[in-house]
Amino acid sequence: MTKPITQEELWNQVKAKFYQEIGPVSFDTYIEPLIPVTLTDSSIILEVPIDESTNIIDKWNKSYAMSFVQYAMEIAEGFIKPELRVADTLPRASTLQTENLTFTRESDLNEAFTFDKFVVGTGNENAYAIARAVAEDPGKVYNPYLIYGGVGLGKTHLMQAIGNAYSKTTPSARIKYATAEDFLNDFTESLRAGEGATAAFKKEYRTVDLLLIDDIQFWSGKEKVQEEFFNTFNVLTKTGKQIIMTSDKLPTEIVDLQSRLTSRFEAGISMDIQKPDLPTRVAILKNLAETDNLDIPNDVLELIADKIDSNIRTLEGTFHRFEAMLRYRNKPATKETAQKILGDLNINQGFKVTVERIQQVVADYYMQTIDDLKSTSRKKDLVTARHVAMYLTRTLTNESLPDIGRSFGGRDHSSVLHATNKITEKAESDPRTKEMLIALTDEIKNGK
Ligand SMILES: Nc1ncnc2c1ncn2[C@@H]1O[C@H](COP(=O)(O)OP(=O)(O)OP(=O)(O)O)[C@@H](O)[C@H]1O
């Protein structure tokens, strides 16, 4: 700015020009509600009332920002950029109606979900690298940032790590974490509670620096909440605020998610988290052991990590059960203790459940051979053993009735159906049969 001028003078003169240019109706809608907050040599911050934020910001970005720069140039003889910021105060009239309204708390971040505690491995290194970049400079390149992937693989942890890191470097930052369901509930509640509450809802979600929304697949088919999020999204991204989301799949794969949302999301970046490989799983267990001051041999950790390969939440849960065995039941930190836990959890310990495996276990149990099971003999014990083996094949594998018949000496599919019905009925009426089937299933999956 070359000409000395106060904020008020500048804004009043700009307003006068707008009034002339756009007429009273547009002026009252888009210009009059703005409040100048800070003027520097090169910019002016204008606060937008929360309940009109979507409209005004859209209009400014489309048409008025350019006019402002031009007017300011004429008045102050220098370049002044307008920056819009959503006011974080509610309209006065709303206070009464919002008294009893509690939204999910502003920062529901889990302090344990930090970058330090996040083990980086092949399945998550890209998602991690972007998360770091976002935490360093939110609202810039990767906006919005969507982390997607299967259940229990660390999406929430990584998203919240961004929030925790940013709140450390920028303690004044407003960070809001909510699940997609929280967002929906807050929105519905605000609609129910009336106009003031709607403004309170907007304040809650639109005046933050970082908005973290978990599990957006929850909005599938829910039109109203999608529309509300679309507006929230626009206000935040247009004012340079960061949005981070998680989902169990890519937005384009979420059924009934509006395309205007998916296309907005595509403007940022989406990164998946894959299942962790064995070294990553072992490292996660090592971290847990270290945190809890437990000395557990590597081969024991490897055994646990080897058996639980798809879900980190289950991996952690198993570790904590193992820890409880050591601490409260004084068991040694050995492979045997670990096996016990894994067995209790009914986790597959390496036996692939095939027709042959089932036939072998059942034949051994009835002291017969696999050939006997396949034979035409109708000795009573053997018939029962055959029926049980067919029943277990039907329930534990995806084999079709004809395929099962073929595996049992070329029998007809109706014989298999007859056998499975018979055993089902018996298990329903006789608890000993039921127990025997459970024990056999366990042995088929986990060994003796
Ligand atoms: N790379 C990792 N390093 C350390 N702990 C991890 C890692 N990934 C996940 N965890 C832990 O696993 C548990 C589950 O992670 P999280 O809740 O983030 O999964 P999610 O992908 O969000 O699950 P959901 O699909 O159920 O929402 C958490 O306790 C988290 O701390």
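**Close-up views of a predicted model**

**View 1. Packing of α4 against α5.** α4 passes α5 in a right-handed crossing; a crossing counts as right-handed if the near helix is turned clockwise from the far one by less than a right angle, and as left-handed if anticlockwise. The model is predicted, so local features need pLDDT of at least 70 and side-chain atom pairs count only at pLDDT 80 or more, while totals for chains, interfaces and linings use all residues. Residues are numbered from 1 along each chain as its sequence is written, and side-chain values use heavy atoms, with hydrogens and water left out. Helices (DSSP runs of H or I, at least four residues) and strands (E, at least two) are numbered from the N terminus. The angle between α4 and α5 is about 25°, and their axes lie 9 Å apart; axes are lines fitted to C-alpha atoms, for helices over the stretch in contact, and angles run from 0 to 180 degrees between N-to-C directions. The two helices α4 and α5 are therefore roughly parallel to each other (angles under 35 degrees; over 145 is roughly antiparallel, 65 to 115 roughly perpendicular and the rest oblique). From α4, the contact (heavy atoms within 4.5 Å) takes in Ala127, Tyr128, Ala131, Val134 and Ala135, and from α5, Leu158, Ile162, Ala165 and Tyr166. By class, this contact of α4 with α5 has nine nonpolar residues, no polar and no charged ones. Nonpolar means Ala, Val, Leu, Ile, Met, Phe, Trp, Tyr, Cys and Pro; charged means Asp, Glu, Lys and Arg; the others, Gly among them, are polar.

**View 2. Packing of α10 against α12.** α10 and α12 pack at an angle of about 40°, with 11 Å between their axes. That angle makes α10 oblique to α12. Their crossing is right-handed. Arg281, Ile284, Leu285, Leu288 and Ala289 of α10 meet Ile312, Leu315, Glu316 and Phe319 of α12. The contact of α10 with α12 has seven nonpolar, no polar and two charged residues.

**View 3. The largest pocket.** The largest pocket has a volume of about 690 Å³. On a 1 Å grid over the protein atoms alone, a pocket is an open set of points where a 1.4 Å probe fits, with protein on both sides within 12 Å along at least five of seven lines; lining residues have an atom within 4 Å of a point. Its 29 lining residues include Phe113, Gly154, His157, Ile312 and Glu316, the closest to the centre. The elements giving two or more residues to this lining are α5 (155-169), α10 (278-291) and α12 (312-328). α10 gives the most, with five residues. The lining of the largest pocket divides into nine nonpolar, 10 polar and 10 charged residues.

**View 4. The second largest pocket.** About 240 Å³ of space lies in the second largest pocket. Among the residues lining the second largest pocket are Phe115, Arg132, Ala135, Ala165 and Lys168. α4 (125-136) and α5 each supply at least two lining residues, and α5 has the largest share, five. By class, this lining has four nonpolar, three polar and four charged residues.

View 5. Most residues other than glycine have a negative phi, and most peptide bonds are trans. The peptide bond from Asn143 to Pro144 is cis, with omega near 0°. Pro144 is in the loop between α4 and β4 (145-149). Asp215 is not a glycine, yet has a positive phi of about 65°. Asp215 is placed in the loop between β6 (210-214) and α8 (223-238).

Conventions: Points joined across faces, edges and corners; volume = space filled by probe spheres on them.
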